[in-house]
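Thanks, everyone. I'll take a few local features in turn, and please hold comments until I finish.

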Amino acid sequence: MNRVVEKEYFSHAVVMLVVEAPRIAKSRQAGHFVIVRIGQKGERIPLTIAEADIEKGTITIIVQKVGVTSIKLCNLEEGDYITDVVGPLGKPTHIEKVGTVLACGGGVGVAPLLPIVEAFKKAGNKVITVLAARSRELIILEEQMRNFSDEVVIMTDDGSYGKKGLVTHGMEEVIKREQIDLSVTVGPAIMMKYCTLLTRKHEIPTVASLNTLMVDGTGMCGACRVTVGGKTKFVCVDGPEFDAFEVDFDEMLLRLDSYKPSETEAYESFQKKYQKA
Amino acid sequence: MNEGLLEFLKKEREQEWRLELRSRVKNKERTLLERVHMPEQEADIRNKNFSEVNLGLSEEQAVLEASRCLDCPKPTCITGCPVGINIPKFIKKIEAGEYLEAASVLKETNALPAVCGRVCPQEVQCEQVCFYAQKLDKAPVAIGNLERFAADYERNSGNISVPKISGRNGIKVASIGSGPAGLAFAGDMAKMGYNVTVFEALHEIGGVLKYGIPEFRLPNQIVEKEIENLEKMGVKFVKNFIVGKTATVEDLQEEGFTAFLVGSGAGLPNFMHIPGENYIGIYSSNEYLTRINLMNAANPEFDTPVISGRNVAVIGGGNTAMDSVRTAKRLGAERAMIIYRRSIEEMPARVEEIKHAQEEGVEFLNLHNPVEYFADEKGTVKSMKVQKMELGEPDASGRRRPIPIEGSEYLIDVDTVVVSVGVSPNPLIPQSMEDLDVSAWGTINVDKENMQTSIPDLFAGGDIVRGGATVILAMGDGRKAAAAMDRYIKGKVRNILSLIKEFNTIGEILDFAR
């Protein structure tokens with residue numbers, strides 16, 4: 001049982017939770033994630049660690065309401081408990097001084113991107129960050145990103161904040177004027193796919209942090225498997241980060257929708273119950 | 001069997017009550033009795049529910065079966081038991097009607113008798129070397145069924161005895177993993193007075209006993225009870241803790257843990273790497289069973305989903321394959337199929353599991369091998385291409401090698417596939433310890449005599465050493481490791497004491513420490 005010590009709404013659909021987990025706070029590195037479960041009948045879902053405070057013994061996770069479990073999480077208040085939190089899982093991000101890093105985050109993918117940006121900056125790189133979302137209220141962690149980036153480019157689909165356009169438009173603008181040595185992309189699978197198409201065209205080495213379905217998160221089940229370089233890899237133990245040029249994003253997109261029909265059904269019945277209560 | 005043990009068993013056998021029991025019925029009459037059949041749920045009913053298939057022996061049945069045992073002067077059955085249960089003694093206690101006593105005999109050497117009585121492959125262990133099977137060519141004494149009877153009797157009586165604990169020594173030891181190796185280890189170490197903590201990565205204790213073996217073969221509630229017993233013996237359980245990730249072995253050493261057992265299991269499922277294997281609806285058996293057993297996915301009240309279709313193909317011929325296919329049948333599959341590349345004789349699954357599966361309406365497509373999967377536009381598997389096989393010369397495993405028959409391929413409609421072709425060792429612990437000696441297959445190398453790894457404070461047992469074996473072999477490893485760890489720690493303490501003796505003053509000790 002892990003207590004929620006702080007909660008903040010970034011928007012009506014995106015919530016930040018600071019959770020007591022002293023061991024994880026101490027052991028985690030950039031790129032790591034945790035698995036959480038809400039209630040004795042809950043499912044296990046992976047969430048990336050955005051920040052950690054070793055002294056307070058807390059980790060920060062950022063959740064977007066998309067399904068039953070994420071809504072349950074977002075409904076927790078300060079003082080409530082998360083039934084299970086386990087981690088840190090996955091391999092940490094490979095950090096080194098490469099020169100200029102172009103970091104691209106979309107939606108809540110910006111949360112896992114934050115520690116990566118921080119680590120690359122601290123390793124002596126120039127970091128240019130592109131944050132993208134549908135609209136102004138979905139742009140998160142801008143201030144924190146500015147702390148560790150040499151430049152932050154904001155893109156919104158509707159132009160309500162920053163520049164109007166997709167993440168790739170923002171990237172292209174940077175690529176035109178800068179020599180980029182490495183690109184990191186974290187966000188919805190479809191976004192990462194298009195980011196990778198762009199960087200491949202410009203021959204910029206790219207790392208993608210994948211967010212697949214998982215059950216145990218320790219290599220036991222294989223729910224998270226993806227094809228990388230023609231071979232099946234497990235995101236939980238071989239990843240979550242891979243050479244983006246080698247990732248079969250189309251297969252990943254299909255697998256992410258494995259439970260779409262039952263998820264929609266579960267979501268609707270959950271909403272009904274929730275509205276009644 | 002070693003001399004000392006034989007001598008001990010001989011003395012026990014000469015005790016008054018054993019003599020009296022033997023004199024009651026002549027051996028000739030005992031051997032004329034037929035093996036008592038384990039009552040089970042009707043196949044057509046049980047394949048629609050998750051209740052246990054085997055119902056357990058009644059008292060009368062158990063006493064009758066126990067009276068078949070001849071209480072041999074040289075009980076070979078014990079040599080067939082990986083945890084060395086005093087088999088004739090517990091069986092004779094049943095014959096004498098002292099069922100609680102029988103249970104406590106079991107618990108002298110076995111931390112999980114109710115589990116072992118259900119899932120051990122007795123037919124290739126104790127029962128295989130029973131006098132009846134060896135010399136009389138008759139069905140062996142039903143040792144497993146009797147073990148289950150005694151353990152169940154005790155549990156249902158509410159008089160569960162807690163094994164005696166020797167004086168507590170306060171020395172902290174840990175098991176990494178709460179599966180059968182870890183639990184057997186924890187039981188023995190607690191009995192010897194150690195302060196034992198068991199770390200588990202998942203949110204429930206029990207490892208494969210919980211996530212792997214289905215309810216109809218091993219109800220979770222039985223595992224829970226055995227874990228409660230260990231708690232009563234002082235064993236501490238920590239869930240959601242991955243040693244090597246949440247904290248390292250070094251961190252735990254700093255927190256006072258002296259020695260460790262790695263029993264982290266064979267947690268990495270194998271796939272066949274054939275085209276289409278990542279389509280939706282294709283699971284590893286680990287994932288399929290975990291969703292259903294651990295996460296309760298078949299119950300609509302639980303959040304975890306599972307796709308269990310009308311046409312389910314399970315690839316493989318082991319116990320896990322049988323568990324998966326029988327689960328699929330229970331979840332309403334019209335066709336629940338085993339696809340296995342050799343013939344039924346070569347199947348590694350227990351005979352009982354194969355028989356139960358057949359009775360429940362599982363189809364066996366032996367000498368068949370999948371070669372490719374096909375999906376609809378959403379990426380969901382819809383059919384598979386299989387190839388027929390024939391058997392050639394024996395291979396390294398001694399089983400006849402399956403050879404594909406050219407041109408024999410055909411399509412089978414499937415909407416769920418469960419790949420159950422073995423597991424590889426979980427890499428988390430080996431990855432987190434550079435100095436650990438690991439084989440090319442990823443298993444941890446140990447000294448077979450004492451289960452010690454290349455790092456002296458670290459012992460290992462179960463599937464992380466064996467690569468993929470049985471519950472009881474893992475438990476045997478756990479027990480062996482516990483005995484060896486006890487000797488190792490005592491040796492360490494002795495060394496420290498002898499060092500201290502050489503010092504004359506506290507000052508000398510402090511100088512040495514600096």
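To begin with a term: a nonpolar patch is made of residues with over 30% relative accessible area and no salt bridge, with nonpolar side chains joined within 5 Å. Keep in mind that this is a predicted model.

In chain A, such a patch is formed by I190(A), Y194(A) and L197(A), and its area is about 280 Å². I190(A) belongs to helix 6 of chain A, residues 189–201. Its relative accessibility is 42%, so I190(A) counts as partly exposed.

Next, peptide bonds in chain A. G87(A) and P88(A) are joined by a cis bond, with omega about -5 degrees. P88(A) sits in strand 7, residues 84–89. The bond from G239(A) to P240(A) is also cis, with omega near 10 degrees. P240(A) is in the loop between helix 7 (235–238) and strand 16 (241–243) of chain A.

Now chain B. Helix 6 (residues 87–95) and helix 10 (residues 143–157) have axes that come within 10 Å and cross at roughly 60 degrees. That makes helix 6 of chain B oblique to helix 10 of chain B. The crossing is left-handed.

Last, backbone angles. H273(B), which is not glycine, has a positive phi, near 60 degrees. H273(B) lies in the loop between strand 5 (268–269) and strand 6 (282–284) of chain B. M451(B), again not glycine, has a positive phi near 65 degrees, and lies in the loop between helix 18 (428–432) and strand 16 (458–460) of chain B.

Which of these is buried or exposed? H273(B) counts as exposed because its relative accessibility is 58%. M451(B), at 3%, counts as buried.

Key: Residues are numbered from 1 along each chain as its sequence is written. Chains are lettered from A and ligands numbered from 1 in the order in which they are written. This is a predicted model: local features need pLDDT of at least 70, side-chain atom pairs count only at pLDDT 80 or more; totals for chains, interfaces and linings use all residues. Side-chain values use heavy atoms; hydrogens and water are left out. Patches are made of residues with over 30% relative accessible area and no salt bridge: like charges are joined within 9 Å, nonpolar side chains (Val, Leu, Ile, Met, Phe, Trp, Tyr) within 5 Å. Accessible areas come from the Shrake-Rupley method with a 1.4 Å probe; for residues, only the protein chains shown count as cover. A salt bridge is a side-chain nitrogen of Lys or Arg within 4 Å of a carboxyl oxygen of Asp or Glu. Helices (H or I, at least four residues) and strands (E, at least two) are DSSP runs, numbered from the N terminus. Buried means under 20% relative accessible area, exposed over 50%, partly exposed in between (1.4 Å probe, protein chains only). Axes are lines fitted to C-alpha atoms, for helices over the stretch in contact, and angles run from 0 to 180 degrees between N-to-C directions. Angles under 35 degrees count as roughly parallel, over 145 as roughly antiparallel, 65 to 115 as roughly perpendicular and the rest as oblique. A crossing is left-handed if the near helix is turned anticlockwise from the far one by less than a right angle, and right-handed if clockwise.
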